[in-house]
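Subject: Structure handover

Hello,

Here is the structure I promised you. Please open it and keep it beside this email while you read.

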Amino acid sequence: MDDNRRVARRTVLAGAAGGLAAAAVAGCSVPAPPRDAASADPAPGRPVSTGRRALLMQFAAHPDDDLYFMNPDTQRLLDAGVPVVSVYVTAGEHNGKNRIAGMPESRPDPAAYSSARHQGLRQAYADALGAETFTPWTRRAVELAGGRHAEVDTLVHEGRRVELVFLNLPMHAPLRSMALPALWEDRALELRTHLSTGSPVARADTYDHDRLVEVIAGLLASYRPTVVHTLDPDPDVQHSPEATRKRDSEQPGYSDHGDHTAVACFTWAGLLRWVADSTARGGPVPAFTVNAFRGYYNRHWPKNLPPAVLAEKAAHLVPYGGDPSWDCGNPSGCGDYGVGGDRPLTNWKGWVRSTHYRWPAAGPAVAEEPDGRLAAYGVLGLRAVRWRETGRASGVFGEPEDLGGGPLVPALASAVLADGRVLLLGVRFAALSGRGGANRRELVLLEQRTPGGPFLAWRGLGNPEREDDRGRRIGAPVAVTAPDGRVHLFVRNADKGVSTRVREVGGAWGPWRALPGAEEVQDGLTALVDDAGAVHLLAAGRAHVLHWVDGVAAEPLPPAGDPVAAVPAPGPAGVQVFFRAPADGRLRAARGEAPAFEGYGRLAAARGRDGRPVLLGRDPRHRVQLSRGGRLSVRTRGETPVGDPVLHRGAVVVGLGAGARPWLWRPSS
């Protein structure tokens with residue numbers, strides 16, 4: 001760190017010239033932040049906006065992050081007619097060299113390389129819309145919050161619409177160590193945007209921490225998405241040798257690129273500010289759901305996409321990568337050449353071979369009300385909400401009821417007590433301030449006062465990790481009620497193991513403790529109780545599916561690429577486990593036979609009325625499917641699903657749609 005930084009003078013990173021420079025001094029002291037980090041009031045009872053048309057908005061650090069890490073989810077929504085707005089925070093200029101092995105060395109040109117990558121995105125999304133690869137886009141410069149500017153490229157094809165928004169801040173690179181990660185942490189820093197060759201944006205802007213949050217919140221308020229895709233704000237701890245870390249393009253100590261983490265944190269800060277600004281004067285909570293996607297995590301774990309799905313995902317990277325021989329109409333280049341052809345599939349890092357959610361959890365959580373209606377609980381606008389069926393077995397949910405508690409990650413666990421009261425458990429952004437401030441997560445509890453009735457105040461359950469940085473790495477909670485009335489809560493911890501805490505019948509919670517087990521596990525835990533009353537926990541690891549019974553490690557099972565499903569079963573094992581092997585779409589059973597159930601993603605299972613397993617999952621086209629009694633049902637109509645649906649009592653499927661509304665499906669018997 002240089003002397004100017006030590007005396008905390010404001011510095012500017014000049015990106016337009018493609019290099020790192022302390023280019024200006026705006027004052028002799030560190031300015032106070034323009035405003036505190038915004039956070040919506042966690043108290044319940046706010047109105048929630050409804051009735052908007054579905055729209056997906058995704059925030060990426062670099063051109064191609066969405067194609068590598070958010071697909072095939074993005075493509076499935078686009079196929080269903082949901083408009084897509086994709087925001088790229090950096091220019092993607094890297095070292096300015098757009099080349100592949102065997103090409104002659106050329107002079108670095110960051111502005112041209114950025115332009116070529118933007119052209120690659122236009123090609124990729126034209127292809128995704130079913131248009132000709134080189135279809136012309138409408139390109140324009142727009143003014144953003146605070147007078148800053150961005151390029152917005154728009155293509156409409158057969159009624160479907162994509163917009164690409166380029167903010168063009170500089171990338172983090174070995175010679176540019178003060179880029180986005182530093183902007184998140186340093187309130188004294190400013191970054192100057194790049195100018196991409198051929199862009200309608202004619203002048204560079206400067207951003208400090210608060211201005212970038214302001215711009216993201218302004219974009220959210222302008223587009224008002226119902227679905228938001230982000231990168232991972234809290235990547236796994238990953239200690240690799242320095243040479244390996246650099247080869248893997250990972251930040252020191254964590255399994256992702258530094259820009260991915262910084263952009264994800266800025267995006268979540270923007271979401272918090274949007275909600276806070278919307279509700280500040282009594283306005284409604286914006287109705288949107290969020291899904292965060294893992295990044296370079298994909299390299300470290302078993303791959304989860306079967307061959308057909310992988311081939312389709314990789315095919316969308318081919319037009320992005322382009323080729324030097326193409327006549328695309330952009331003199332600066334026709335894509336990111338190092339990603340073209342078969343290179344996504346031959347790259348040893350394997351990023352394209354998986355798509356993982358940061359907080360994988362089936363939802364919404366479902367419980368039965370005393371009058372027989374179903375209640376669905378989920379996270380909307382970063383807050384917990386409850387939807388109730390309009391009538392018993394109506395299949396239609398009413399308007400959302402705000403339960404507060406935000407800002408929450410998009411994963412709620414639930415447990416039903418012996419008296420019928422519901423417990424909701426989530427992970428809260430207890431602090432997300434940046435600029436050297438706190439960045440903290442905590443597990444929180446919402447306990448129902450009476451069955452089907454109102455709730456008590458939110459209560460903190462702490463974190464199995466004592467340090468804030470380690471506490472950010474916890475996963476999505478799962479919970480189950482044992483026959484003795486105790487509630488067992490499980491969560492993945494920073495060591496990639498599992499921590500648990502138990503609620504006694506009287507309501508007191510015991511201490512956190514780690515479950516035994518030497519093998520690391522992925523997030524996406526499965527908990528259930530067998531017919532003898534034993535509590536089982538299953539988690540996919542690197543080489544096995546780990547299994548615990550009443551907190552004691554049991555015999556491990558074959559490996560799986562995604563979270564597994566299980567049902568109580570007779571015999572010494574107590575449960576029958578269903579899973580898909582890594583990179584294989586076929587369903588397998590750890591014991592016994594598995595039905596034909598081709599697909600990918602999270603599985604759910606329950607015991608049917610006839611005693612046989614009922615299975616829920618996604619087919620290769622990402623449609624919701626259910627196997628019951630040897631019969632396969634596929635949901636082909638209704639609200640476009642996002643995330644993973646939940647199976648209730650083996651007969652009812654409930655999920656969240658792209659319009660931020662729950663849907664219910666009762667397949668015919």
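Below are the findings, one topic at a time.

This is a predicted model, where local features need pLDDT of at least 70, side-chain atom pairs count only at pLDDT 80 or more, and totals for chains, interfaces and linings use all residues. Residues are numbered from 1 along each chain as its sequence is written, and side-chain values use heavy atoms, with hydrogens and water left out.

**Two packed helices**

Start with helix α6, residues 209–223, and helix α8, residues 258–279. Helices here are DSSP runs (H or I, at least four residues), strands are runs of E (at least two), and both are numbered from the N terminus. The axes of α6 and α8 lie 8 Å apart, and the packing angle is about 60°. An axis is a line fitted to C-alpha atoms, for helices over the stretch in contact, and angles run from 0 to 180 degrees between N-to-C directions.

How are α6 and α8 placed relative to each other? They are oblique. The cut-offs are these: under 35 degrees is roughly parallel, over 145 roughly antiparallel, 65 to 115 roughly perpendicular, and the rest oblique. The crossing of α6 and α8 is right-handed.

Now look at who meets whom. On the α6 side, the residues include H209, L212, V213, I216 and L220. On the α8 side, they include F266, A269, L271, R273 and W274. By class, this contact has 10 nonpolar, 3 polar and 3 charged residues. Nonpolar covers Ala, Val, Leu, Ile, Met, Phe, Trp, Tyr, Cys and Pro; charged covers Asp, Glu, Lys and Arg; the others, Gly among them, are polar. Contact means heavy atoms within 4.5 Å.

**Cysteines**

A disulfide is a covalent bond between the sulfur atoms of two cysteines. The rule used here asks for a pair of cysteine sulfur atoms within 2.5 Å. How many disulfides does this rule give? The count is 1. C328 and C334 form a disulfide, with their sulfur atoms 2.1 Å apart. The angle about the S-S bond is -85°, and the link of C328 and C334 is left-handed.

C328 and C334 are both buried. Buried means under 20% relative accessible area, exposed means over 50%, and partly exposed is in between (1.4 Å probe, protein chains only). C265 has a relative accessible area of 2%, so C265 is buried.

**Backbone exceptions**

Most residues other than glycine have a negative phi, and most peptide bonds are trans. Here are some exceptions to look up.

- The N71 to P72 peptide bond is cis, with omega near 10°. P72 sits in the loop between α2 (65–70) and α3 (73–79).
- The G406 to P407 peptide bond is cis, with omega near 0°. P407 sits in the loop between β14 (401–404) and β15 (413–416).
- L382 is not a glycine, yet its phi is positive, near 70°. Its loop runs between β12 (374–380) and β13 (383–388).
- R649 is not a glycine either, and its phi is positive, about 55°. Its loop runs between β34 (641–648) and β35 (652–657).

Is L382 buried or exposed? L382 has 4% relative accessibility, so it counts as buried. R649 has 63%, so it counts as exposed.

**Sequence distance and space**

S115 is in helix α4 (residues 110–128). S115 and P331 are 216 residues apart along the chain, and their C-alpha atoms are separated by 9.1 Å. Leaving aside neighbours within four places in sequence, S115 contacts R122, S196, T197, N330 and S332. With a relative accessible area of 3%, S115 is buried.

E163 is in strand β6 (residues 160–169). E163 and D469 are 306 residues apart in sequence and 35 Å apart in space, C-alpha to C-alpha. At 6% relative accessibility, E163 is buried.

A518 lies in the loop between β22 (513–514) and β23 (526–529). Its relative accessible area is 86%, so A518 is exposed.

Best wishes

Definitions and conventions. Left-handed = near helix turned anticlockwise from the far one by under 90°.
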